[in-house]
Amino acid sequence: MVRGLYTAYTGMLNQQYRLDTITNNLANSATTGYKREGATARAFDEELAIKCKDGTEGYVDRPIGKMSLGVKIGENYTDWGQGSFRNTENTYDIAIEGNGFFSISFTNKRGQESVKYTRDGSFTTDVEGALRTKDGDYVLNEDNEFIYIPTTGQTRIDELGNIYNDGTYIDKIKLTDFEDYNYLKKYGENMYDAVDGAQETAADGVFRQGYLEMSNVNVVKEMVEMITITRAYETNQKMIQTMDTTLDKAVNSIGSIK
């Protein structure tokens with residue numbers, strides 16, 4: 001009976017973890033370049049149950065079978081599928097079609113600089129013509145340097161990331177890709193860190209000027225999954241209530257001495 005309480009509890013804990021993941025997906029359904037996350041679950045290792053101290057049989061201990069202790073919380077995974085494109089017609093809005101990431105020179109609140117990677121191409125230029133993200137971080141070129149674009153004239157960015165101003169070549173936006181995305185660690189909503197072991201590889205993506213890649217979260221699908229999780233949570237909750245009632249009767253009614 002106590003084992004049943006524990007099993008139902010682990011089920012509730014796992015469903016809460018899945019619900020938190022879906023809630024985060026829904027909260028970022030309108031975040032540019034966001035990649036949805038999913039949660040996995042795995043079972044506890046089964047243990048051999050032993051029948052002990054049974055005087056009705058000729059021997060004391062006897063195996064009665066395998067028994068699971070419930071479900072364990074697994075790990076989060078990222079769905080790297082392509083998000084839909086939204087046409088903005090803004091000069092410095094750029095979407096990546098295919099694999100690859102923009103390289104961003106990121107500065108944290110303590111003034112520490114590092115390179116982050118993102119699919120969010122909602123860029124702008126400052127008064128000096130530096131190409132920046134909406135949060136003010138610099139977009140890098142193929143030499144990992146800042147990109148400066150003349151503040152006058154017409155700017156065009158081709159599929160390879162080459163930047164032209166009034167027909168004159170200015171610079172090229174860096175497109176970075178990795179052999180294994182498992183070596184990318186999420187930072188914030190839609191940026192990533194490359195951890196130890198990450199190896200860069202040639203990217204096959206192309207740039208689309210005037211577009212933004214939206215989140216790949218399917219809101220309807222996430223809502224349906226949320227309903228399923230809520231029902232599973234309630235089922236485990238009812239199991240605990242039922243077993244609690246049974247234990248109460250066993251202790252206070254059946255086990256009472258008059």
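Me: Starting with Lys35, is that residue buried or exposed?
Reply: In this predicted model, Lys35 has a relative accessibility of 1%, and because the cut-off for buried is under 20%, Lys35 counts as buried.

Me: Where does Lys35 sit in the fold?
Reply: Lys35 is found in the loop that runs between α1 (2-27) and β1 (37-43).

Me: And which residues is Lys35 in contact with, ignoring the ones within four places in sequence?
Reply: With those neighbours set aside, the contacts of Lys35 include Thr78, Asp79, Trp80, Gly81, Gln82 and Gly83, and also Arg119, Lys186, Tyr192, Glu213 and Asn216.

Me: What does the side chain of Lys35 do with Glu213?
Reply: The two side chains make a polar contact at 2.6 Å, and Lys35 and Glu213 also form a salt bridge, with 2.6 Å between the closest N and O atoms. Glu213 is buried, as is Lys35.

Me: Why would that pair matter for how the chain is tied together?
Reply: Lys35 lies in the loop between α1 and β1, whereas Glu213 belongs to strand β20 (residues 211-213), so the pair ties together parts that are 178 residues apart in sequence.

Me: Which backbone oxygen lies 2.9 Å from a polar atom of the Lys35 side chain?
Reply: That is the backbone oxygen of Gly81.

Me: OK, salt bridges in general: how many does the structure hold?
Reply: The structure holds eleven salt bridges. One of them joins Arg132 to Asp126, with the closest N and O atoms 2.7 Å apart, and Asp126 counts as partly exposed at 21% relative accessibility.

Me: What is the partner of Arg208?
Reply: Arg208 forms a salt bridge with Glu159, and here the closest N and O atoms are 2.7 Å apart. Arg208 lies in strand β19 (residues 206-209) and Glu159 in the loop between β12 and β13, so this pair ties together parts that are 49 residues apart in sequence. As for accessibility, Arg208 is partly exposed with a relative accessible area of 25%, and Glu159 is also partly exposed, at 43%.

Me: Switching to the largest nonpolar core, which members touch the most others?
Reply: That core has 16 residues, and the ones that touch the most other members are Ile94, Phe102, Phe123, Leu131, Val139, Ile147 and Ile173. Strands β6 (94-97) and β7 (101-107) each supply at least two residues of this core, and β7 gives the most, with three.

Me: What is Ile147 in contact with, beyond four places in sequence?
Reply: Ile147 is in contact with Gly129, Ala130, Leu131, Val139, Leu140, Asn141, Ile163, Asp171, Lys172 and Ile173. Another core, of six residues, lies apart from the largest one and has Phe101, Tyr117, Phe178 and Leu184 among its members.

Me: What is the strand order in the open sheet of three strands?
Reply: The order is β12-β13-β14, and the pairing is antiparallel. Strands β12 (155-157) and β14 (168-172) stand at the edges with a single partner strand each, so one side of each is left without a neighbour in the sheet. From one strand to the next, the twist averages 25°.

Me: How many bridges are there between β12 and β13?
Reply: β12 pairs with β13 (residues 162-165) over three bridges, in the antiparallel sense, and the bridge partner of Ile157 in β13 is Ile163.

Me: Last topic, backbone angles: what is phi of Glu89?
Reply: Phi of Glu89 is near 65°, a positive value in a residue other than glycine. For background, most residues other than glycine have a negative phi. Glu89 lies in the loop between β5 (85-87) and β6 and, at 68% relative accessibility, counts as exposed.

Me: And what about phi of Asn144?
Reply: Asn144 is not a glycine either, yet has a positive phi of about 60°. Asn144 lies in the loop between β11 (138-139) and β12, and is partly exposed, with a relative accessible area of 43%.

Terms used:
Residues are numbered from 1 along each chain as its sequence is written. This is a predicted model: local features need pLDDT of at least 70, side-chain atom pairs count only at pLDDT 80 or more; totals for chains, interfaces and linings use all residues. Side-chain values use heavy atoms; hydrogens and water are left out. A nonpolar core is a set of buried Ala, Val, Leu, Ile, Met, Phe, Trp, Tyr and Cys residues joined through side-chain atoms within 4.5 Å. Buried means under 20% relative accessible area, exposed over 50%, partly exposed in between (1.4 Å probe, protein chains only). Helices (H or I, at least four residues) and strands (E, at least two) are DSSP runs, numbered from the N terminus. Contact means heavy atoms within 4.5 Å. Two strands pair if DSSP finds at least two bridges between them. Axes are lines fitted to C-alpha atoms, for helices over the stretch in contact, and angles run from 0 to 180 degrees between N-to-C directions. A polar contact is a pair of N or O atoms within 3.5 Å; within protein, one must be able to donate a hydrogen and the other to accept it, and residues adjacent in sequence count only if both atoms are side-chain atoms. A salt bridge is a side-chain nitrogen of Lys or Arg within 4 Å of a carboxyl oxygen of Asp or Glu.
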